[in-house]
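Dear colleague,

Please find the structure below, followed by a short account of what was found in it.

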Amino acid sequence: MPELPILQPSDVTLMIKPVGALCNLDCTYCYYLPTKSIYDVPEHRMKLATLEAIFAGYLPRAADQVMICWQGGEPTLAGLDFFRRMIEVQEKYRRPTQRVSHALQTNGTLLDKEWCDFLRQNGFLVGLSLDGGVGFHNEYRLDNAGHGTHEQVTQGLQLLRDRGVEHNILCVLNDKNVRQPKQLYQYMLGLGEDWLQFIPAIEWEVDPARPGKNRLASYSPPPRAYGKFLCEVFDIWFEKHRDRVSIRIFDAVLNKLVHDQMPFCILDGSCHTQMTIEHDGAVFGCDHFIERRWQLAQIGEPAWRNPMDISGDQRVGITIHGDGYKPNSELSGRDIFGAEDLQERYTALELGDRIDAGWIDRVERQRTGAFAARKQRLPEKCLSCEWQRLCYGGCPKHRPSGGEVEETTMLCEAYLMFYGHAMERFEWLASYLRREEQPPPPAPTPQPAVRTAPMTANADARVGRNDPCPCGSGKKYKKCCGGL
Ligand code: SF4
Ligand code: SF4
């Protein structure tokens, strides 16, 4: 195993959660909601002193180009005034040559013209969570009253488009939509969206048949179905859209092949490239593990040390959805922070709150290393796997023990199917991007378990629009692959 690099501020991306896990919706598979249970107070709002300390500690020592990701819960609940103040604080600590970019992940339901103008003017990249058409989206993306949110989310999308905000679509794959790859992909393209992420909702629940063991949550996509999804979307994308549609996992693989850089931590060698900061200044290695065991620092408390002993035989907890969370029906307004409340807080800050700019030096390196190293705990199957450099056993959260023992990700079968099916064409694309001499593109590699659509120009010419689709779906060609 390569030695883990020591964490440096310039190496890491910050994810900031200004309202912790609070959200105005109640999506079935939200893995953030249970993290509220680690807090015993209802206040989930970042103070401006905490915000200023984050920037005071980070920006002066960060790289010339940094990306800050704003996450929730629903981060827009912090209010537009909070984000305006954030830009002011950023400008106070940013070096003149330093470029700070922002990304915001949102459910889109609280966006309005004012929000969109702010996001455009400040160059935010907005990720909008949309799980497909109304049937797919409303299956699990519900409000606190249990109603589907497709209409509100697509209104938010329209606003982003109308006001010229740079955005992409994050589509969470579940047990339903993962089984309709063409339909889902076609829906996104039909919206005119060509910057897409498909993220499998991998969560765990107690297995009643095996005491003490977990199983995949009922709404999680079965690994084999996820593998088929990747293969089928890849086939269409490669044949029709590879020059204009960005799909995050495909881009990540190409980056690795062309530049030897993996921008997608799940497929990278360790978990050392980001820090997540909760609303109260608690610093964690990743938002997938908001657990006291993995807390790395506490902004605003110089004497803080994590009291948990990482050298003992403690097991890494994994997220079990459904324990301890009660929907907060009060969270239906636009902003948690009122402007007056914010002004009061900010005035107090200007009058002399001490800013803890030294927190980044107190990030516990031993614990950071221990957190990152869990991804490197690989079984023999991974160590001898031909795709190891494109997977490294996947995300520890996707392993049954959460990375505590040597084991593969639950998605191993999916990755084996996908790489086996697509790699020849990935390699061909990579050589094109490296500007090497280019033979004709290779034909799809058939996989016994994967139904691949013959998407070649010849196949298009042979099949009539009203003929059965050659992919085997049973639909007319024009309603299936021929409609893409
Ligand atoms: S735990 Fe998973 S999501 Fe978090 S840094 Fe590691 S691979 Fe990435
Ligand atoms: S594809 Fe499977 S065996 Fe190969 S590195 Fe990934 S998890 Fe391990």
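Which residues are the closest to ligand 2? They are Cys 382, Cys 385, Cys 391, Thr 408 and Cys 412, among 13 residues that surround ligand 2; a residue is near a molecule if its C-beta atom, placed from the backbone, lies within 6 Å of it.

This is a predicted model, in which local features need pLDDT of at least 70, side-chain atom pairs count only at pLDDT 80 or more, and totals for chains, interfaces and linings use all residues. Residues are numbered from 1 along each chain as its sequence is written, while chains are lettered from A and ligands numbered from 1 in the order in which they are written.

Helices (H or I, at least four residues) and strands (E, at least two) are DSSP runs, numbered from the N terminus. Helix H11 (380–383) and helix H12 (412–433) each supply at least two residues of the shell around ligand 2, and H12 gives the most, with three residues.

Around ligand 1 lie Cys 265, Ile 266, Cys 271, Cys 286, His 288, Phe 289, Lys 375, Cys 395, Pro 396 and Lys 397.

In the open sheet, 10 strands follow the order E9-E6-E5-E4-E3-E2-E1-E10-E11-E12, with mixed pairing (two strands pair if DSSP finds at least two bridges between them). Strand E9 (246–247) and E12 stand at the edges with a single partner strand each, so one side of each is left without a neighbour in the sheet. Strands E10 (residues 274–277) and E11 (residues 282–284) run antiparallel and are joined by two bridges; Ile 277 stands opposite Val 283 in E11.

Yours sincerely
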